[in-house]
Amino acid sequence: MRRRSFFKLGLTAAALGVVKPGKAARVFEGVITSPAETMKPIVISTWEHGLAANDNAWKVLKANGPAIDAVELGVRTTESDMKNRSVGIGGRPDRDGHVTLDACIMDEKSNCGAVGYLEGIKHPISVARKIMENTPHIMLVGDGAKSFALDYGFKHVKSPIKEVKQEWKSWKKENKELFEKPVINNENHDTIGMLALDANGNLSGACTTSGWGYKLPGRIGDSPIIGAGLFVDNEIGAACATGLGEAVIRIAGSHTVVELMRQGRTPQQACEEAVARIISKHKNMEGLQVGFLALDKNGDYGAYSVFNGFNFAVKSNDQSELIDADNDRNW
Ligand code: SD4
């Protein structure tokens, strides 16, 4: 998907036999140019909070900074937002009242870092980046991740915050039957996944979440798993996921989207096919929301979700908006 007006112009040009729709060349202010000239830098991210996150990422991108810095700075915006109940310290806890955070980051050289089940650290995405840059490992979880973060100067912060603790206490009272078997619902979908293409044509991505609200203790979702919640291949494109992590992991979601782009699908087609694959693997689709977001090397992007309600934010030189993703079915 790209801005509708772009698409229309592209189709007109295609009808004239000038370019193929959905392919590399674009029409910009009436002139056919290479996408490199028109669509980079660009940053896209999941959900409405992506608008504020993109604004911060854009500060890096418009100064010709690297995509990896842009995505880290961008998603830190959401991690800092104490009103967000699905990302960072302000997020919902697990069944037992612990806010456990998952995040990962990946750059244009396929360097990556991830943290899972991290408690009491405000910016898990920056811990993930430190793991990427300062260790031979990719993923640290739980207490090990926490002590690594403290060693690297991250400060302990208290969680859950007061309002969230109150909500969790009421949830516990009202949902005794769900205690062993958590359900996912629309409210719990707010993970931020961000993909950026910088002025030098390099791609990076970041994904950060407090995970599925009231999850079983110890549960890690797709968001910190490279290939599931996020994947970047600088030759092809990048993808990220939001929604029910278990369903995303089952099809190695973000990696699948990137591989489909490698096989020639547009970002939009790749997201649609990954959603179709999820649907084909699940008999019961009740409440099973998943959304994918993809960005290719040319700055073309796409998004698709199982159910309606998924939206994403886009920022580039000529665009700053929230877009409703297309979806397979309605709630
Ligand atoms: C998870 N995928 O932990 C995350 C939740 C999410 O938007 O994306 N919410 O399963």
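1. Basis. The structure is a predicted model, in which local features require pLDDT of at least 70 and side-chain atom pairs count only at pLDDT 80 or more, while totals for chains, interfaces and linings use all residues. Residues are numbered from 1 along each chain as its sequence is written, and side-chain values use heavy atoms, with hydrogens and water left out.

2. The sheet. An open sheet with mixed pairing is formed by 5 strands in the order β9-β10-β11-β12-β15. Strands (E, at least two residues) and helices (H or I, at least four) are DSSP runs numbered from the N terminus, and two strands pair if DSSP finds at least two bridges between them. The edges are held by β9 (230–233) and β15 (326–329); each has a single partner strand, so one side of each lacks a neighbour in the sheet. On average, neighbouring strands are turned by 15° against each other, direction ignored.

3. Strand β9 runs antiparallel to β10 (residues 237–243), and 4 bridges join the two. L230 has C240 in β10 as its bridge partner.

4. Helices across the sheet. Helix α9 (residues 253–262) lies across β9, β10 and β11 and runs at about 145° to β10. Helix α10 lies across β11, β12 (301–307) and β15, at about 20° to β12. Axes are lines fitted to C-alpha atoms, for helices over the stretch in contact, and angles run from 0 to 180 degrees between N-to-C directions.

5. Residue L288. This residue belongs to the loop between α10 (267–281) and β11 (290–296). L288 counts as buried because its relative accessibility is 4%; buried means under 20% relative accessible area, exposed over 50% and partly exposed in between (1.4 Å probe, protein chains only). Apart from neighbours within four places in sequence, L288 contacts L244, A247, I278, H282, V306 and F307, where contact means heavy atoms within 4.5 Å. L288 and A247 are 41 residues apart along the chain, and their C-alpha atoms are separated by 7.9 Å.

6. The ligand site. There are 12 residues around the ligand, of which T191, R219, D222, T242 and G243 come nearest; a residue is near if one of its heavy atoms lies within 4 Å. A polar side-chain atom of R219 lies 2.7 Å from a ligand oxygen atom, and a side-chain N or O atom of D222 lies 2.6 Å from a ligand nitrogen atom. Taken alone, the ligand exposes 290 Å², and the protein buries 100% of that; accessible areas come from the Shrake-Rupley method with a 1.4 Å probe.

Technical notes. A polar contact is a pair of N or O atoms within 3.5 Å; within protein, one must be able to donate a hydrogen and the other to accept it, and residues adjacent in sequence count only if both atoms are side-chain atoms.
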